[in-house]
Amino acid sequence: MTAHKTRTLTLTTILTVALLGAAAPGAMAAPQASVPPSGRLTFDVIRNGRDIGDYVVSFRGKGNDLTVNFATDVSVKVPVIGVSAYRFKQDSTETWRGGRLAGLTSRTDDNGKRHDISVGTTSLIPASLWNADLLHSGQVLNTIDGSTDAIRVRKLGAEAVSTGQGQVSADHYAVRGGLDRDLWYEGAKLVHVRFTAEDGSQVDYVLR
């Protein structure tokens, strides 16, 4: 039997989250700087050298007023047998008004464990990774269950990153804490993600 969890944050929770986010220096600088001219970011999800899915971010709007849609679909199959051993699927939408998150809805199936969340206006940056303002935050909004995760960020320097359009020079950041990711940004645009999965495997988001 699969678990299903629906969470709508109360006004008290939203206000508490907003106060936490307001303490983070540099948050909510300019999210439009992270939007690519094409209005779309598409990544192949690679686990130990094998393509296991996609992460797609689509943008609508202009300036600081944006609607951002996300679709993640990952499936890890058992070798030889060819059946799924792990499945992660998430569809979510962020609404930005005046450079501030005005709302987020997300539906996630984490290998049979379901989460539905709806969040109102908050100063927190969602942990959807596209927005480089995350690098200046002390807390992020968990897009799976709506909780708040404390993070610390360290810049590791510029590196050459391979993408579907060739190599780019990007700044490498190590994010640790409630969110554990290595992120590469070309300017303010996300171009690569890396993390270690629970089974110890390396997972990369490779920009097409």
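Biologist: Which residue in E14 does Arg 47 stand opposite?

Modeller: Keep in mind that this is a predicted model. Strand E2 covers residues 40–47 and runs antiparallel to strand E14, residues 202–207, with five bridges joining them. Across from Arg 47, the residue in E14 is Val 203.

Biologist: And what is the bridge partner of Phe 195 in E14?

Modeller: Look at strand E13, residues 189–196, which pairs with E14 over five bridges in the antiparallel sense. Within E14, Phe 195 has as its bridge partner Val 203.

Biologist: Which residue in the turn between E13 and E14 has a positive phi?

Modeller: Those two strands make a hairpin, with five residues between them. The positive phi there is about 90°, and the turn residue that has it is Gly 200.

Biologist: Is Ala 85 buried, partly exposed or exposed?

Modeller: Ala 85 sits in strand E5, which spans residues 84–97. Buried needs under 20% relative accessible area and exposed needs over 50%. Ala 85 comes in at 46% relative accessibility, so it counts as partly exposed.

Biologist: What separates the C-alpha atoms of Ala 85 and Ser 75?

Modeller: Along the chain, these two are ten residues apart. In the model, their C-alpha atoms are separated by 7.6 Å.

Conventions. Residues numbered from 1 in each chain as written. Predicted model: local features only at pLDDT ≥ 70, side-chain atom pairs only at ≥ 80, totals over all residues. Heavy atoms only, no water. Helix = DSSP H or I, 4+ residues; strand = E, 2+ residues; numbered from the N terminus. Buried < 20%, exposed > 50% of the residue type's maximum accessible area, 1.4 Å probe, protein only. Pairing = 2+ DSSP bridges.
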